[in-house]
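These are my notebook entries on one structure. I set down what I looked up, entry by entry.

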Amino acid sequence: MNKRNGGPWSVEEMTVLYDLKNIGKSYEEISVLLNRSSFARRTYNENLLQKKFSQTDWNYFHSQKQQLEEITESQNDLDIEKKKVIQNTLQNQERLVLREEARIDVIIDRVKTAIYQLPKPKMSDLYYKPPSTPRKYSSEHVGVIISDAHIGESYTLEDTGGISEFNLGIFKKRLRILRDSVLEIAERHRTMYELPVLHVFALGDMVAGMKDAGKWSPAYIDLSIYQQMFEGIDALRDVLSTWYTAFEKICFYGIYGNHGRIGKRGNEKVSDNWDRLVYNYVKISMSEYDRIEWMIPEAWFIQTEIQNHTFYLMHGDGIRGSMGIPYYGVEKAQSSISGIMNKIPDYTLMGHFHTPAELQTTGSKVIMNGSFMGGDMYSIRDLRRCDRAIQKIFGIHPKKGITWSYDLQLEPK
Ligand SMILES: [Mn+2]
């Protein structure tokens, strides 16, 4: 057997040597026993054993051994303590999990109990029952905005790269669609309640304007201002006389826009305006229509009560902004107007921006009209916007104010 010789003796080797010698074994017997032992780590012969036994301070060895045993013992105690702690922790965790599960069970039980305790809904209550006799609904007024017709403006599909076109013929076609749509909407709503009064809010820019009066390009105006004016008169008389047959009363509000000004900005009074001329001409020429009320002020706005609600009407020019509809500017203008008028109008109606929109502001609502043109040279090229040709119509309830509203498409797809 080839074993490592030398190296320090283990406690076990030393102990066996000492004990066997003590009970009177010879070195020869001891060497046989040690060589066979499982912990043998060298070749034991008589000389080696004798030398080891005689040279060892056995008292010192035993005291060292005892100390070592004590240390081992306390180490074992520590390990046992650790194991106990780990075991306890695991047991605690198991208890916590169990407790949580129990809590959830209790909650589920309570919810279940609460649900069972709820009175069951009677199925009969859940069905809609139509009234046996038709319900009566209070009557409403109708409001329609006519603005931004821009009669006289003209551009072709070639001009706009196939996006949009406009001319007098297209205006007249769209006007007929507006005229008939108002009657159709009224007809639908009359199956529910009465609509005795129509409010026509003409909010300006009936005419495209004089070639030199504004920043607009004269290249896209193909009618003289005189022709624009008479086409505008003709258009308004057409729609008003038709609607006159369908409503008990018509209230006409005429607000002028910026395109109708006579001469460059600031040269004349703002009230000297081709739009206002159109409105007044229509009023005079329709004097026998005695169920039409006319409001055509010199000022650029009207504030009036309709169905117990305050309406502020304006064209909308002068509201500064960039890139299309200045929503913030509109809201700010609305709040400034409320300050001037000492009253917050329930509704502010305006045109000018050619984009239909409804904007809720503090305590008020702004309704913006579309135009007859849809996208024009300016909006398409400079604002990169092409709205559809749209005018607004809505219902006005005496208690609820504006109830419904529609965007009337003047060029249905
Ligand atoms: Mn305008």
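**Entry 1: the sheet.** I began with an open sheet of five strands, whose order is β5-β6-β7-β9-β8 and whose pairing is mixed. The model is a predicted one; local features need pLDDT of at least 70, side-chain atom pairs count only at pLDDT 80 or more, and totals for chains, interfaces and linings use all residues. Residues are numbered from 1 along each chain as its sequence is written. I note the terms: helices (H or I, at least four residues) and strands (E, at least two) are DSSP runs, numbered from the N terminus, and two strands pair if DSSP finds at least two bridges between them.

At the edges I found β5 (301–306) and β8 (357–361), each of which pairs on one side only. Neighbouring strands of the sheet are turned by 20° against each other on average, direction ignored. Such angles are taken between axes, which are lines fitted to C-alpha atoms (for helices over the stretch in contact); they run from 0 to 180 degrees between N-to-C directions.

**Entry 2: the pairs of strands.** I looked up how β5 and β6 pair: the sense is antiparallel, over six bridges. I306 has H309 in β6 as its bridge partner. By contrast, β6 and β7 run parallel and are joined by four bridges, and Y312 has T348 in β7 as its bridge partner.

Entry 3: Contact is counted if the C-beta atoms of two residues, placed from the backbone, lie within 7 Å.

**Entry 4: the turn of the hairpin.** β5 and β6 form a hairpin with two residues between them, and Q307 in the turn has a positive phi of about 50°. N308, in the loop between β5 and β6, also has a positive phi, of about 65°, although N308 is not a glycine. I noted for comparison that most residues other than glycine have a negative phi. Is N308 buried or exposed? N308 counts as exposed because 12 C-beta neighbours lie inside 10 Å. The cut-offs are 20 or more other C-beta atoms within 10 Å for buried and 12 or fewer for exposed, with partly exposed in between, and the C-beta atoms are placed from the backbone.

**Entry 5: two buried loop residues.** D148 lies in the loop between β1 (141–146) and α5, and its phi is near 55°, a positive value. With 27 C-beta neighbours inside 10 Å, D148 counts as buried. W216, in the loop between β2 and α6, is buried with 20 other C-beta atoms within 10 Å. I also noted that W216 and Y378 are 162 residues apart in sequence, yet 8.4 Å apart in space, C-alpha to C-alpha.

**Entry 6: helix α6.** I listed the buried residues of α6: Q228, M229, E231, G232, I233, A235, L236 and L240. Among the elements that cover them are α5 (168–190), β2 (197–202), β3 (249–254), α7 (274–285) and β4 (292–295).

**Entry 7: two crossing helices.** The axes of α2 (residues 27–36) and α3 (residues 46–55) come within 9 Å and cross at roughly 105°. Y27, E28, I30 and S31 in α2 meet E46, L49 and Q50 in α3.
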